[in-house]
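Hi everyone, thanks for making time.

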Amino acid sequence: MPAFGQVLTAMASPMLPDGALDLDGAQKLAHHLVEHGNDGVVVAGTTGESPTLSHAETLDLFSAVVDAVGSHANVVAGVGKNDTAATVDLARQAAARGVDAVMVVTPYYNRPQARGLESHFAAVAAAVDLPVLLYNIPGRTATEIPPASLLTLAERVENIVAVKDAVKNMDKAAWLVARKPDDFDVYAGNDIDLLPLLSVGAIGVVSVAGHFVADRLAAMVSCFAQDPIAARGTHLKLLPLFEALFVESNPVPLKAGLDMVGLPGGPVRAPLAAADNATVAAMRAALSAVGVSGRHVE
């Protein structure tokens, strides 16, 4: 079994109507996710609106989720900043809160060179006695971790054990899989890319759709090696949901969907705006199409 399991959901951070962080809601949501097919949760990632969480809120969120599900699921803390010292500090504080691993996104905005990226990730890994999941998402960070740098880190830094791949380039993913150590794993960073990434050697997904269909994603991953046609069938059935979740910036559609099915979500924080009517309609139709029921799903 991979270090983190096969299906983890990048968990939304529930908010109260006034915009305050809803820690009780976070615990309820974490319980729901773990009870419905997830091997663990990623807390305070992009889906968790990490850019608008204060430092204190982020740490409180880590503690709340660890208290809720840490005894029987993997809790991965999103600690990545565009400042190495700040990332190291948050990683150490997350470790002190009892998380099982840390996820470190590519530093955003300042666009470090490959050697700077390697130094950054190595410094964070050296600061904690925990597994490290790298997060490669150039569409948000403006910088890609090159495959050669991922290979260097996988070979030289013992506790860098996986990458969440949101690059959307199967050639690069295959290049890495062909050369990586056996104990380094590749996870799909987008639900819609899970099937093609499985075909080149990924072992699972860090999901958004897992808020609603984690059990089916887990079945898809498990059956792929023996029955890729069945896995493809699951992918195609879930495609409407994969698409609807990104008709606007994540997690805007997700939070609309959580409300429809009665799970804690609440509003998004500015500068994100609430889902418009078209997004609400798209999410309602998608949830209905994939057979997810709820109080506001047709």
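Okay, one term before we start: a nonpolar core is a set of buried Ala, Val, Leu, Ile, Met, Phe, Trp, Tyr and Cys residues joined through side-chain atoms within 4.5 Å. And please keep in mind that what you see is a predicted model.

So, with that term in hand, the largest nonpolar core here has 86 residues. Inside that core, the residues with the most contacts are Phe62, Phe212 and Leu241. Helix H2, running over residues 55-69, is the biggest giver, putting 7 residues into this core.

Let's zoom in on Phe62. What does phenylalanine 62 touch, leaving aside neighbours within four places in sequence? Its contacts are Val43, Ala44, Ala77, Gly78, Val79, Leu90, Ala94, Arg97 and Val99. There's also a second, separate core, with 16 residues, and among them are Phe4, Ala10, Tyr135 and Val206.

Now let's step back to the whole protein. You can count 12 helices and 8 strands. Of the 298 residues, 53% are buried. If you take contacts between residues at least 6 apart in sequence, 72% of them join residues at least 24 apart.

How about overall dimensions? The C-alpha atoms fill a box of roughly 50 × 45 × 35 Å along the principal axes. A compact globule with 298 residues would have a radius of gyration near 19 Å, and this protein has 18 Å, so the two agree.

As for charges, the protein has 20 positive and 31 negative ones, and their mean positions are 4 Å apart.

Definitions and conventions:
Residues numbered from 1 in each chain as written. Predicted model: local features only at pLDDT ≥ 70, side-chain atom pairs only at ≥ 80, totals over all residues. Heavy atoms only, no water. Buried < 20%, exposed > 50% of the residue type's maximum accessible area, 1.4 Å probe, protein only. Helix = DSSP H or I, 4+ residues; strand = E, 2+ residues; numbered from the N terminus. Contact = heavy atoms within 4.5 Å. Rg over C-alpha atoms; globule rule 2.2 N^0.38 Å. Lys, Arg positive; Asp, Glu negative; His and termini not counted. Charge placed at Lys NZ, Arg CZ, Asp CG, Glu CD.
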